[in-house]
Amino acid sequence: MSEESSTGRSADDQRRRKLMDAALTVFLRFGFRKTSMDEVARAANVSRQGLYLHFAAKEELFRASVEYFLDTSLAAVAAALADAERPLEERLVAAFDTWTGRFVGALGSDAADLAAATKDLVGPMVAEREGQFVEAVAEALRASGLVDAYAPAGVTGRQLADTLYASARGLKYAAATREAFVEGMSVAARVMCLPGRAPREKRTKQKPPSPRPVGGRPRKARGATR
């Protein structure tokens, strides 16, 4: 492939991504039924004809946008969980904020039909990607060694990840803002990570041994017998 054709393909991909980003925002605000291709074109700052060059129908745009969101979110989740410079708690919160938190406060009053549209038009893709997300969280928990602290209770890494995901889904509807979602997930992650934190804190707080006096042998207390 020539450099010119490669550049053209890259620019075309960037335009498609721009259109799908705009479409996601509009679908979340108006729902599937009330979203029009004209509205998406305005949000993306392109002509209606320009939008139709990439997507022939609203259904095709919706499927592509959902798939785009799922795949890009999984990539961002993987990057957050792999960031060894950050504590496990922070990585977990970042992963759940990327996957779930971004929807808090973003859904409009007309977006109630998105679940049905997703089921009809996207099929099992969402469930498959959700499974991949939860497994990525479980693997991060295993790699951290935290799961070992729960082994005596017979709790697995996948069960811990499922528990965090249940908390995230609850906060998605209970939290008024994305900031409140992050705060709630921070508490959930802190509690889950506590068994792994306690041994480290105990080791760091142990009293250091008393230094030996200069000269080698310690002095005996005054009045002590030989």
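Not counting residues up to four places away in sequence, Ser65 touches Met20, Ala23 and Leu24, where contact denotes heavy atoms within 4.5 Å. Ser65 is found in helix α4, helices (H or I, at least four residues) being DSSP runs numbered from the N terminus. Because its relative accessibility is 0%, Ser65 counts as buried, a term that stands for under 20% relative accessible area, with exposed meaning over 50% and partly exposed lying in between, for a 1.4 Å probe and protein chains only. The model is predicted, so that local features need pLDDT of at least 70 and side-chain atom pairs count only at pLDDT 80 or more, whereas totals for chains, interfaces and linings use all residues. Residues are numbered from 1 along each chain as its sequence is written, and side-chain values use heavy atoms, with hydrogens and water left out.

Helix α4 also holds Lys58, which is buried yet has no salt bridge, the nearest side chain of opposite charge being that of Glu59, 6.0 Å away. A salt bridge is here a side-chain nitrogen of Lys or Arg within 4 Å of a carboxyl oxygen of Asp or Glu; Lys and Arg count as positive and Asp and Glu as negative, while His and the chain ends are not counted. A polar atom of the Lys58 side chain lies 2.9 Å from the backbone oxygen of Thr35. With neighbours within four places in sequence left aside, Lys58 is in contact with Phe27, Phe32, Arg33, Thr35 and Met37.

The largest nonpolar core has 60 residues, and those with the most contacts inside it are Leu92, Phe96, Phe133 and Leu141. Helix α4, spanning residues 58-81, gives the most to this core, with 10 residues. Such a core is a set of buried Ala, Val, Leu, Ile, Met, Phe, Trp, Tyr and Cys residues joined through side-chain atoms within 4.5 Å. Apart from neighbours within four places in sequence, Leu92 is in contact with Leu81, Val137, Leu141, Leu164, Ala189 and Cys193. Leu81, in helix α4, counts as buried because its relative accessibility is 9%. The C-alpha atoms of Leu81 and Arg91, 10 residues apart along the chain, are separated by 5.1 Å.

In helix α6 (residues 114-121), the buried residues are Leu114, Ala117 and Thr118. These residues lie on the same side of α6 because they cover an arc of only 100° around the axis, the arc being that of the directions from the helix axis to the C-beta atoms. The face turned away from this buried side carries the exposed residues Ala115, Lys119 and Asp120.

Terms used. Helix = DSSP H or I, 4+ residues; strand = E, 2+ residues; numbered from the N terminus. Polar contact = N/O pair within 3.5 Å; in protein donor to acceptor, adjacent residues only side chain to side chain.
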